[in-house]
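This report describes a protein model, starting from a single residue and moving on to the sheet. Please look at the structure below before reading on.

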Amino acid sequence: MLATTFAITRSEIAHNEQQAQRALIAQVFPAMLHDNDLLDSTLSLAADDWLGTRAASHAWVARKQGQATGVVLETIAPDGYSGDIALLIGIRADGRITGVRATAHKETPGLGDYIEIAKSRWITQFDGKSLTDPAEAGWKVQRDGGRFDARAGATITPRAVVKAVNGALHYFVRHRARLLVPAPSASPPDPGR
């Protein structure tokens with residue numbers, strides 16, 4: 001009976017998971033900046049220190065009329081107060097952040113969980129930022145001399161998130177050519193033309 005139930009619900013579960021993923025991606029990369037289905041433009045990325053990943057992760061390439069307009073990266077802030085903080089980070093082709101969302105964490109409720117968009121707008125302070133805005137020295141919380149706000153008494157969590165977002169921007173710059181690939185042509189060009 002369990003096997004039958006699993007077989008019947010498997011496609012519905014997969015569909016619901018896809019819809020949830022699509023909704024999260026839409027929060028960090030606006031629909032007006034692409035005309036493709038980002039879930040159909042997935043790249044697998046090897047584990048990388050800049051992304052904070054210890055296993056393969058994903059990137060979703062946004063395109064408009066076949067040209068790459070940006071990417072959404074999965075990253076990990078491994079040094080949160082209570083462990084890993086999983087993030088999605090949208091980055092335009094010009095290197096500006098379109099959005100950041102925490103997708104999983106174990107931060108202390110009421111103290112470090114303000115990184116969730118449902119609990120606070122704190123995470124939106126990254127919108128529009130890049131490696132040059134602020135300059136590298138500004139990629140810290142204000143308490144450490146940087147440009148990013150942190151809640152009083154809760155600096156470990158924001159330090160981890162700021163560091164992870166900055167790392168994702170460095171990763172993007174180093175791998176821009178691989179990440180911003182144009183859409184594959186539907187058919188090869190006719191050499192006789």
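Gln-65 is exposed, at a relative accessible area of 73%; exposed means over 50%, buried under 20% and partly exposed in between, with a 1.4 Å probe and protein chains only. The model is predicted, so local features need pLDDT of at least 70 and side-chain atom pairs count only at pLDDT 80 or more, while totals for chains, interfaces and linings use all residues. Residues are numbered from 1 along each chain as its sequence is written, and side-chain values use heavy atoms, leaving out hydrogens and water.

| Site | Value | Place |

Helices (H or I, at least four residues) and strands (E, at least two) are DSSP runs, numbered from the N terminus.

An open sheet is formed by 5 strands in the order β1-β2-β3-β4-β5, with antiparallel pairing; two strands pair if DSSP finds at least two bridges between them. At the edges are β1 (42-45) and β5, each pairing on one side only. Within the sheet, β3 and β4 (residues 83-92) run antiparallel and are joined by 9 bridges. Thr-75 has Leu-87 in β4 as its bridge partner.

Helix α2 packs on the sheet and touches β1, β3, β4 and β5, where contact means heavy atoms within 4.5 Å. The direction of α2 makes about 145° with that of β3; axes are lines fitted to C-alpha atoms, for helices over the stretch in contact, and angles run from 0 to 180 degrees between N-to-C directions.
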